[in-house]
Amino acid sequence: MTTQTQSSEPSRNDAPYDESYSPSCYIIHNNFEFCGYNLKIAQILGANLGVSAYVWDAGLALCRYFEKKNINFSGKKVIELGSGTGIVGILATLLGGDVTMTDKQKVLKQIETNVQVNIPSACRHRLQIRPLTWGEDHTNFPTDYDFVLGSDIVYSSVTYPALIETFRYFTKQGATIYLSSELRKRNGSLYFHEESLPQYFDCQVVDSLEDKDITLYKMTKIDKSSEHDLPTNDRNLLLTDLHTGVHPTSLSLTN
């Protein structure tokens with residue numbers, strides 16, 4: 001079951017104090033219910049967080065999938081890439097996982113805000129929040145995760161080679177990837193999912209929302225131990241469009 005309410009006040013005092021926030025930043029609160037947990041998620045707008053400030057439909061779809069399949073992460077190590085608001089990683093923690101939530105440094109305050117509200121103190125020892133830039137500092141992390149989570153992280157073609165490199169690193173010891181993506185025409189994401197990822201991963205479609213062009217993939221690595229470099233086709237995916245121009249639709253969801 002999923003419910004949502006929304007409220008916002010364009011007041012500087014609504015946002016946690018941070019010198020990186022602009023004077024005009026404010027917070028939108030959304031309430032969601034998944035797996036019997038009521039989640040209150042803050043989206044900090046006007047703080048230069050870009051697409052990371054929003055709850056996206058692909059993230060909600062992944063949460064719904066966990067609910068539908070009665071996923072239990074107890075005793076499992078989980079890392080989330082591009083956590084954004086943190087809604088997926090927060091739910092994975094509440095479902096028993098030892099979760100590492102990651103994003104760019106400037107996004108971590110938003111994640112911390114939502115963790116403080118939604119994760120009981122008795123569970124916080126099972127959760128870490130760390131900065132991660134794909135393809136750059138991923139090797140600072142261990143490789144013994146059981147699951148890698150990502151939702152709506154396939155949106156800029158410039159990042160695709162780094163994302164594949166990061167996926168490959170975190171699946172060295174056999175981790176399973178759950179990737180929830182909205183397939184958009186303008187960013188080459190269909191080619192990425194249908195042509196690039198299958199070169200390295202066994203990609204299984206486990207759910208889809210056709211009305212929103214959202215597809216959920218379950219992925220495991222294909223053993224290519226003798227290969228180290230991205231294929232030429234992946235390097236050629238570096239398109240020029242950094243900004244898709246697509247606005248998040250989750251802010252207008254109705255029950």
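Just after helix α2, G96 takes a positive phi of about 105°. Helices here are DSSP runs of H or I, at least four residues, numbered from the N terminus. This is a predicted model, where local features need pLDDT of at least 70, side-chain atom pairs count only at pLDDT 80 or more, and totals for chains, interfaces and linings use all residues. Residues are numbered from 1 along each chain as its sequence is written, and side-chain values use heavy atoms, with hydrogens and water left out.

Back to α2 itself, residues 87–94. Eight of its eight residues are buried, so α2 is largely enclosed by the rest of the structure. Buried means under 20% relative accessible area, with a 1.4 Å probe and protein chains only. The run includes I87, I90 and L94.

Next, α5, residues 189–196, which holds H193. H193 has 3% relative accessibility and therefore counts as buried. Its side chain reaches the backbone oxygen of S189 at 2.7 Å. Beyond its neighbours within four places in sequence, H193 is in contact with V154, L179, S181, L183, P198 and Y217; contact means heavy atoms within 4.5 Å.

As for geometry, α4, residues 160–170, and α5 pack at an angle of about 35°, with axes 12 Å apart. Axes are lines fitted to C-alpha atoms over the stretch in contact, and angles run from 0 to 180 degrees between N-to-C directions.

How values were computed
Buried < 20%, exposed > 50% of the residue type's maximum accessible area, 1.4 Å probe, protein only. Helix = DSSP H or I, 4+ residues; strand = E, 2+ residues; numbered from the N terminus. Polar contact = N/O pair within 3.5 Å; in protein donor to acceptor, adjacent residues only side chain to side chain.
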